[in-house]
Amino acid sequence: MQRLTQARGARAVAWSTPWGTITQGLREGLTKAENTMATLLRTGVIGLKDWLYWVGVPVGSPRCECGWPRQSPKHVILSCPLRTNREAMLLAAGTENYNTLLSTQKGLKAVTQWLISQNVLNQFRVAREIAVEGKGASIGPPLMTLQ
Ligand SMILES: [Zn+2]
């Protein structure tokens, strides 16, 4: 009985890992461009029309090209009919839940990679071209580098 209690205690400790530790691991395996995209998505500061319109960039309206009233990240990622290969992305992410997509390593990797490939943000066209050109060189730097 005492052993069982100890085992439960150990598991409780594992569960109470602070969020900070998990968040650090979220970015592992992301390229520089994917990392930037992850930051944009998680902060909501992103060059889609909904946000551009809201901050005063003359884009006309926050409307998406598909006719949806707001071109928000959530709309583009989960429901815009103009986007392709969404099913493969959601399969790779292992979830269709927007919050899970942005808060798990697997979800972030799949969604940032997909969004860059979708060519919706001008600033990421360059990153996509680099990724296509230098396929072999796309392995990120080691986690710990001495500089
Ligand atoms: Zn749309």
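A residue is classed as buried if 20 or more other C-beta atoms lie within 10 Å of its own, as exposed if 12 or fewer do, and as partly exposed in between, with C-beta atoms placed from the backbone. The structure is a predicted model, in which local features need pLDDT of at least 70 and side-chain atom pairs count only at pLDDT 80 or more, while totals for chains, interfaces and linings use all residues. Residues are numbered from 1 along each chain as its sequence is written.

The protein contains 9 helices and 0 strands, where helices (H or I, at least four residues) and strands (E, at least two) are DSSP runs numbered from the N terminus. Of its 147 residues, 20% count as buried. Two residues are taken to be in contact if their C-beta atoms, placed from the backbone, lie within 7 Å. Among contacts between residues at least 6 apart in sequence, 42% join residues at least 24 apart.

Helix H8 (residues 105-117) has 13 residues and spans 18 Å from its first C-alpha to its last, close to the 18 Å expected at 1.5 Å a residue; the expected span is 1.5 Å times one less than the number of residues. H8 is mostly covered, with 10 of its 13 residues buried. Among the buried residues of H8 are Gly 107, Ala 110, Val 111, Trp 114 and Leu 115. Just after H8, Asn 119 takes a positive phi of about 60 degrees.

Helix H6 (residues 86-93) packs against H8 at an angle of about 160 degrees, with the axes 8 Å apart. Axes are lines fitted to C-alpha atoms, for helices over the stretch in contact, and angles run from 0 to 180 degrees between N-to-C directions. H6 and H8 are therefore roughly antiparallel, given that angles under 35 degrees count as roughly parallel, over 145 as roughly antiparallel, 65 to 115 as roughly perpendicular and the rest as oblique. The contact is formed by Met 89, Ala 92 and Ala 93 of H6 with Lys 106, Gly 107, Ala 110, Val 111 and Trp 114 of H8. By class, these comprise 6 nonpolar, 1 polar and 1 charged residues; Ala, Val, Leu, Ile, Met, Phe, Trp, Tyr, Cys and Pro count as nonpolar, Asp, Glu, Lys and Arg as charged, and the others, Gly among them, as polar.

Helix H3 (residues 32-43) also packs against H8, at an angle of about 100 degrees and with the axes 9 Å apart. H3 and H8 are therefore roughly perpendicular to each other. On H3 the contact involves Ala 33, Glu 34, Met 37 and Ala 38, and on H8 it involves Leu 108, Lys 109, Thr 112, Gln 113, Leu 115 and Ile 116. The residues of this contact divide into 6 nonpolar, 2 polar and 2 charged.

Ile 77 lies in helix H5 and is buried, with 22 other C-beta atoms within 10 Å. Leaving aside neighbours within four places in sequence, Ile 77 is in contact with Tyr 98, Leu 101, Val 111 and Leu 115. The C-alpha atoms of Ile 77 and Met 89, 12 residues apart along the chain, are separated by 9.5 Å.

Two loop positions were also examined. Asn 85, in the loop between helix H5 (73-78) and H6, has a positive phi near 60 degrees and counts as exposed, with 12 C-beta neighbours inside 10 Å. Thr 104, in the loop between helix H7 (98-103) and H8, is partly exposed, with 19 other C-beta atoms within 10 Å.
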